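Let's take a look at how two chains meet, and then at how one of them is put together. Keep the picture open while you read.

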Amino acid sequence: MATVQIVDVRKDFGSVKVVKGIDIDINDGEFVALVGPSGCGKSTLLRMIAGLEQITGGEIRVGTKVVNNVAPKDRDIAMVFQNYALYPHMTVAENMAFSLKLKGVSKREIEQRVNKAAGILSLTPLLGRLPRQLSGGQRQRVAMGRAIVRDPQVFLFDEPLSNLDAKLRVQMRAEIKELYQRLKTTTIYVTHDQIEAMTMADRIVIMHDGIVEQMGQPLEIYDQPDNMFVAGFIGSPAINLYPGAFHTEDRAVFVTDGGVIIPLERPPVGAARRRGVLGIRPEHIAIDPAGAVSLAVMVTEPTGSETFILGRSEEETMRCLFRERVALKPGDTVRLRLDPNRILFFDEETGRRT
Amino acid sequence: MNRSFTYRTSLLFLAALAALWTLFPFAWYFLVSLTTPGHIPRRFSFPDVLTLDSYTSALFGSGAKGISANYSILPNIINSFVVAGLTVIGCTVLGFGAAYVFSRGRSTTLAVLFNALLVIRMTPAVSLAVPIYLMISAYGLSDTHLGLSLVHTMLSLPLAIWLLKGFIDGIPTELEEAALIDGASVLQVLRYIILPLAAPGVAVAACFVFLASYVEFMFASILSRGSSDTLPIAIAGYNSDHQTFYNEMAAASFMSMVPLFIFFYFAGRYMVRGLTMGAVK
């Protein structure tokens, strides 16, 4: 196990700047998720940590050692790839033993360690099979087995679940988390799936356009996003964001550009007549006959545990999520209350939370 | 599809005609090889006696039938296999390394070089005859197995590289990256990951290179002075200034084809698969 320090790391491909100066400190034994939309540089960053990509600028330290110019094989790092990257001509056991064999570990010890890893991952009955004879979930487990058998300083995961179907993904998510809790090895996990990041990581790093937008614990980021990008990226269904203006004449309200009037309890200081963006998460909207906002229901999506409603209020569309069952159908009109304590404000120009 | 009887019969007839057209010379030649040595085939006819004398004469020499025919093609068979074998080793070893670089490299220089290789492959070999003769002689390699196989390697290397590159292109780079992270050096990646996965491609390339060397005539005839004559040269040798030994020539030709038949019987299927695999993947 080791800490990983990423100091002002940059990566250019020709004239294209993909990673534009990133600082992340990862503690010993921490599980950090790098999350962001495609093209944000998260995979490139992971590949730089692995040593598969040259670093244009900055410094990466594993433990106390600067690894900028250290070959991947000497970084003592294991990586699980999106498409598993199992060696197709080797059996499960050979796949897992490969790194130990290269290191010159004795046959007996290789067998012991492979068996132990196979036991942890319930791969024992599959040890003699070739990768093509395995299902997607089993291949994923072999890929993890190949990583853990080495007992590396750091685990890197590059979107390891995106090739699996939805149900298996949830199952493997739990398995990876369980494995992590058992081994407590420093883990860096790249995903574009915010649910994965939220549910698995101790800390999330949200990346966008080659920079870190925000870093923090999952719920902290969810509740207190630094900016509109983070607010919009984290949370599903996505947060409602309405540009508009504050009015504080007789009572404090926010009037969206689409004409919805939202009463405020505590308008931001100096907000009068200023413009801004109001954000409210779908689950912070409640049905309230005395509510100030009226919504014409357009789409209802009951999933059993919750009900998602998409509707129209004045000129704005609004996403609402109710934990209780609601008997609404398209065409109905309902009055809503936006929880004033949960309303977020952002600067319209900079996107920063105010 | 349920086509009419006439339709199917006429298709079959056309196919038979095409086969006959192609195979007739072979059939005639085969009959010539089974005729008593010394008989000169003027026009197509069935021999009165079928005999293997021409075959034994070609294999072991026969003394009695004339000076030129009094030699055995056995040493030439060995020469052919040695030259083709050396060529296969040269082309697969060099070709594999080069194909890997061409497959993984991302520079314009490499792309230009790769296309240049293919263009060179299309130039008529005869245009190279004089310079190659001079070079090989200058290094004292004429009439040696090594000299001829060096030339054959040069001729076949572009094809080998092209075939192998197709195969290596189909191997995901993630496998190499996984191996690098697993602790492999670049050479170990080649040895443990790329080579086993490209093995069918190496086999296909080896077969093509072997065949090309085995049947090559022009350079073999320019560079040989007797001791390194390959089979095609020996077969052509039955045609002397004074006499042509048709029967022995035919027998030797058919014997030289045996390895080809064996090869196509076992490897033809894989070869086609290998070719198309390399092409589309």
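About 1700 Å² of area is buried between chain B and chain A, and carbon and sulfur atoms give 69% of that area. Buried area here is the accessible area (1.4 Å probe) that two parts lose on being put together, summed over both. Keep in mind that this is a predicted model, in which local features need pLDDT of at least 70 and side-chain atom pairs count only at pLDDT 80 or more, while totals for chains, interfaces and linings use all residues. Residues are numbered from 1 along each chain as its sequence is written, chains are lettered from A in the order in which they are written, and side-chain values use heavy atoms, with hydrogens and water left out.

**Where chain B meets chain A**

- On the chain B side, 16 residues are in contact with 22 residues of chain A; contact means heavy atoms within 4.5 Å.
- Three salt bridges are counted between chain B and chain A, each being a side-chain nitrogen of Lys or Arg within 4 Å of a carboxyl oxygen of Asp or Glu.
- One of them pairs Asp182(B) with Arg146(A), and their closest N and O atoms are 4.0 Å apart.
- Two helices of chain B, α7 (173-181) and α8 (186-215), are the elements that each give two or more residues to the side touching chain A. Helices are DSSP runs (H or I, at least four residues), numbered from the N terminus.
- With seven residues, α7(B) supplies the largest share of that side.
- By type, the chain B residues that touch chain A split into 10 nonpolar, three polar and three charged. Ala, Val, Leu, Ile, Met, Phe, Trp, Tyr, Cys and Pro count as nonpolar, Asp, Glu, Lys and Arg as charged, and the others, Gly among them, as polar.

**Chain B as a whole**

- Chain B has 11 helices and zero strands.
- Of its 281 residues, 41% are buried, meaning under 20% relative accessible area (1.4 Å probe, protein chains only).
- An automatic or database domain assignment gives chain B domain 1 (1-72 + 238-255) and domain 2 (74-231).
- The C-alpha centres of these two domains of chain B lie 34 Å apart.

**A closer look at Asn247(B)**

- Asn247(B) sits in helix α11 (residues 246-280) of chain B.
- Is Asn247(B) buried or exposed? Asn247(B) is buried, with a relative accessible area of 2%.
- A polar atom of the Asn247(B) side chain lies 3.1 Å from the backbone oxygen of Val32(B).
- Leaving aside neighbours within four places in sequence, Asn247(B) is in contact with residues including Ser33(B), Pro37(B), His39(B) and Ser54(B).

Note on methods
Buried means under 20% relative accessible area, exposed over 50%, partly exposed in between (1.4 Å probe, protein chains only). A polar contact is a pair of N or O atoms within 3.5 Å; within protein, one must be able to donate a hydrogen and the other to accept it, and residues adjacent in sequence count only if both atoms are side-chain atoms.
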